[in-house]
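Subject: Structure for your review

Dear colleague,

Please find below the structure that I am handing over to you. My findings follow it.

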Amino acid sequence: GVVAALAARLSVEAAPAVREAILDALLAIGSDEAVEELMVFLRSEDAALRTGAVAVLQQLPDPVSRHMQHLLADVDPDVRIMAIDILQTLPHPEAPSWLADLLQRERQVNVVGTAIDRLAEIGTEDMLPLLDDVRDHFADEPYIQFAIDTVVRRIRGGSGVA
């Protein structure tokens, strides 16, 4: 019951130092239950609370990995973007595959842009055909075109050829 109690307190706590201590405690516990409770805060109206939850989730690759596909398919595009933010530093070998799966189905431009930005760091050559498909689908979105060019250059070793 300690995880539920910590999460309940976190949902109403206003003092930043206390919030930080609660988040640290949930990180130390690191259980599936802690991850599930933290995922609830991804929907919070409180930006600091969302950011704190993301920061803790980024440090729990094993329990978070069991929820990542669900987060990346959430009906709320903001939750999908935060899931990508979690992947920013989540050390998990499936991260490129999760992002590729997302890009195959995603039609919300902000989510696609965030996913492409993340692929700039972890994208692989086998993703180039997928990026071409995304480029075609978002042909009228200048930022998507720019972001894909950047990712393609990075994947190809900075050759300058997108």
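Leu 72 lies in helix α6 (residues 68-72); helices here are DSSP runs of H or I with at least four residues, and they are numbered from the N terminus. The model is a predicted one, in which local features need pLDDT of at least 70 and side-chain atom pairs count only at pLDDT 80 or more, while totals for chains, interfaces and linings use all residues. Residues are numbered from 1 along each chain as its sequence is written, and side-chain values use heavy atoms, with hydrogens and water left out.

Leu 72 has a relative accessibility of 1% and therefore counts as buried (under 20% relative accessible area, with a 1.4 Å probe and protein chains only). Setting aside neighbours within four places in sequence, Leu 72 is in contact (heavy atoms within 4.5 Å) with Arg 80, Ala 83, Ile 84, Leu 87, Trp 98, Leu 102 and Arg 105. Between Leu 72 and Met 82, ten residues apart in sequence, the C-alpha to C-alpha distance is 8.8 Å.

The largest nonpolar core comprises 55 residues. Such a core is a set of buried Ala, Val, Leu, Ile, Met, Phe, Trp, Tyr and Cys residues joined through side-chain atoms within 4.5 Å. Helix α7 (residues 77-87) supplies the largest share of this core, seven residues. Among the residues with the most contacts inside the core are Met 68, Ile 86 and Leu 103. Apart from neighbours within four places in sequence, Leu 103 touches Val 112, Ala 115, Ile 116, Leu 119, Leu 130, Leu 131 and Val 134.

The axes of α3 (residues 32-40) and α4 come within 9 Å and cross at roughly 150 degrees; axes are lines fitted to C-alpha atoms over the stretch in contact, and angles run from 0 to 180 degrees between N-to-C directions. α3 is therefore roughly antiparallel to α4 (an angle over 145 degrees). In this pair, Val 35, Leu 38 and Met 39 of α3 meet Ala 53, Val 56 and Leu 57 of α4. By class, that contact has six nonpolar, no polar and no charged residues (nonpolar being Ala, Val, Leu, Ile, Met, Phe, Trp, Tyr, Cys and Pro; charged being Asp, Glu, Lys and Arg; polar being the others, Gly among them).

For α2 (residues 16-29) and α4 (residues 47-57), the axes come within 10 Å and cross at roughly 25 degrees. These two helices are therefore roughly parallel to each other (an angle under 35 degrees).

Yours sincerely

How values were computed
Angles under 35 degrees count as roughly parallel, over 145 as roughly antiparallel, 65 to 115 as roughly perpendicular and the rest as oblique. Buried means under 20% relative accessible area, exposed over 50%, partly exposed in between (1.4 Å probe, protein chains only).
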